[in-house]
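Visitor: I would like to learn how to read pockets, cavities and helix packing in a model. Please take me through them one at a time.

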Amino acid sequence: MAKATPGYTCTECGWTTVKWVGRCGECQAWGTVVEESTKTGIQVKMTPVFVSEDNAARPITEVPADGELTHWASGINEFDRVLGGGIVPGAAILLSGEPGVGKSTLLLEVASRAAKTGIKVLYVSAEESVSQVRLRASRTGALTDNLYLAAETDLSTIIGQIDAVQPALLIVDSVQTVASSAVDGLAGGPSQVREVASVLIRVAKERNLPILLVGHVTKDGTIAGPRLLEHLVDVVCHFEGDRQTALRFVRALKNRFGPTDEVGCFEMTGDGIAEVPDPSGLFLSRSSVAVSGTCATVALEGKRPLPVEIQALVVPTSAPNPRRVTNGLDSSRVAMLLAVLERRAGLKLSDKDVYVSTVGGVRLNEPGADLAIAIAVASAFHDKPIAHTVAAFGEISLAGEIRPVNGSKQRDAEATRLGFSTRIDHNVGTLRSALKAAFDTAKDAREREIDAAF
């Protein structure tokens, strides 16, 4: 017979130990090991449970498809793009992001758009009062009669609000500030977050009610609470953006009803949050005259191609350690490209300060921008501008070779649509050939300008 013995379990990863420790030995999380009685030994006999005919297993081809489980549009096309077409009835969606990035503003806009279609929407705010939410709604134009507000932090009271309103969409802001009286501990603790999320998700599945949960993030950018929270929900979205810029991105980290490689673009304005269906002009400079140290590339954010201009500045220095300053780019990646330029292309950069930045505050972490970075640095080094009609994308190896990148056809098609008549990619072969092609194109462009002037 199994015997119950005291044990300790990590609420984050499930690691067990016979004595209490302050730090989990598996996931290295602090303060997550709690006492829990566990059964040891082997249970000799288990009584099977009778399965009714309705619940009996059947071939998957005989299971009828539920016609109601289809996506319905939330009214925000960029958000629907990330979700895979819209919100699925009964789905649990978790939206995380840094403080102040605009999570509440986005979900209030989603609630308003959905309420204006005629359905009831319940917005539960556990962080703000109803008057504060109403003030923000009046500023963003989200006032509608079908949008119900409640400021509650108790889980049982929230369930009562759901029974009273009978909404078609539920938004809880946020899951870390709601507590259940059935579980000990403060709101936001692993046990509380697990209990609150489990109950709300069970309500969503039983009533076919879609639910949007706001999740806090820790200082390292991960979702606060137990890792189990991400496993329980159907969709995990991350809302990201720099506070110094108005651009925001929504990415799907997990999606049971659609792809996870879509990206939604938004812009924070004084009147709330606005969609950016075509962000092609946000990351390109407006200069009509070619300037040295600039080169355009086409990056891929999910499946969406985004044209981005990269700017570089190279200046002599007498300091023993030249500066390498980057903005929007991986500093270690740029340092590697500078070494390749000096060794494979003959550019002496060891005695010069190099500054490399993107336009518009966008961040590029993909290797497809390597070639554009190298061309921009070479253009700044020689003080020779690159023509506005040139777009470059390709990965540079340590041997100075240009390697192909994913989505080359999409990048090429977007460059053609935006008027980049010359594309420099892996077809040129080596870094030296790519630099020669870029400068030859600039020379031809200057000659055409001179001919046109006379």
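**Pocket, cavity and helix contacts**

Guide: Start with the largest pocket, which has a lining of 19 residues; E240, F249, R251, V362 and R363 are the ones nearest its centre. Keep in mind that this is a predicted model.

Visitor: How much space lies in the largest pocket?

Guide: The space in the largest pocket comes to about 450 Å³. Strands β9 (235–241), β10 (247–255) and β13 (294–301) are the elements that each give two or more residues to its lining.

Visitor: How does the lining of the largest pocket divide by class?

Guide: The lining of the largest pocket has seven charged residues, six polar and six nonpolar.

Visitor: How is empty space found in general?

Guide: A probe the size of a water molecule is rolled over the atoms, and this shows where empty space is left. In this structure, a search of the whole model finds one cavity of 30 Å³ or more. The largest cavity has a volume of about 40 Å³.

Visitor: Which residues line the largest cavity?

Guide: The lining of the largest cavity is made up of I76, E109, R113, F266, I273, A274 and E275. Helix α2 and strand β12 (272–275) each give two or more residues to this lining, and β12 has the largest share, with three. Four of the lining residues are nonpolar, three are charged and none is polar.

Visitor: Now the helices. At what angle do α2 and α3 pack?

Guide: Helix α2 (residues 103–115) packs on helix α3 (residues 130–140) at about 70°, and their axes are 11 Å apart. Angles of 65 to 115 degrees count as roughly perpendicular, so α2 and α3 are roughly perpendicular to each other. Their crossing is right-handed.

Visitor: Which residues of α2 and α3 meet?

Guide: From α2 come S104, T105, L108 and E109, and they meet V133, R136, A137 and T140 of α3. By class, this contact of α2 with α3 has three nonpolar, three polar and two charged residues.

Visitor: How do α7 and α8 cross?

Guide: Helix α7 (residues 331–344) and helix α8 (residues 370–382) cross at roughly 60°, and their axes come within 10 Å. The two are therefore oblique to each other, and the crossing is right-handed. R333, L337, L338 and L341 of α7 make the contact with D370, I373, A374 and V377 of α8. In the contact of α7 with α8, six residues are nonpolar, two are charged and none is polar.

Key
Residues numbered from 1 in each chain as written. Predicted model: local features only at pLDDT ≥ 70, side-chain atom pairs only at ≥ 80, totals over all residues. Heavy atoms only, no water. Axes fitted to C-alpha atoms, helices over the stretch in contact; angles between N-to-C directions. Helix = DSSP H or I, 4+ residues; strand = E, 2+ residues; numbered from the N terminus. Parallel < 35°, antiparallel > 145°, perpendicular 65-115°, else oblique. Left-handed = near helix turned anticlockwise from the far one by under 90°. Contact = heavy atoms within 4.5 Å. Nonpolar A, V, L, I, M, F, W, Y, C, P; charged D, E, K, R; others polar. 1 Å grid on protein atoms, 1.4 Å probe; cavity = no way out; pocket = protein on both sides within 12 Å on 5 of 7 lines; lining within 4 Å. Points joined across faces, edges and corners; volume = space filled by probe spheres on them.
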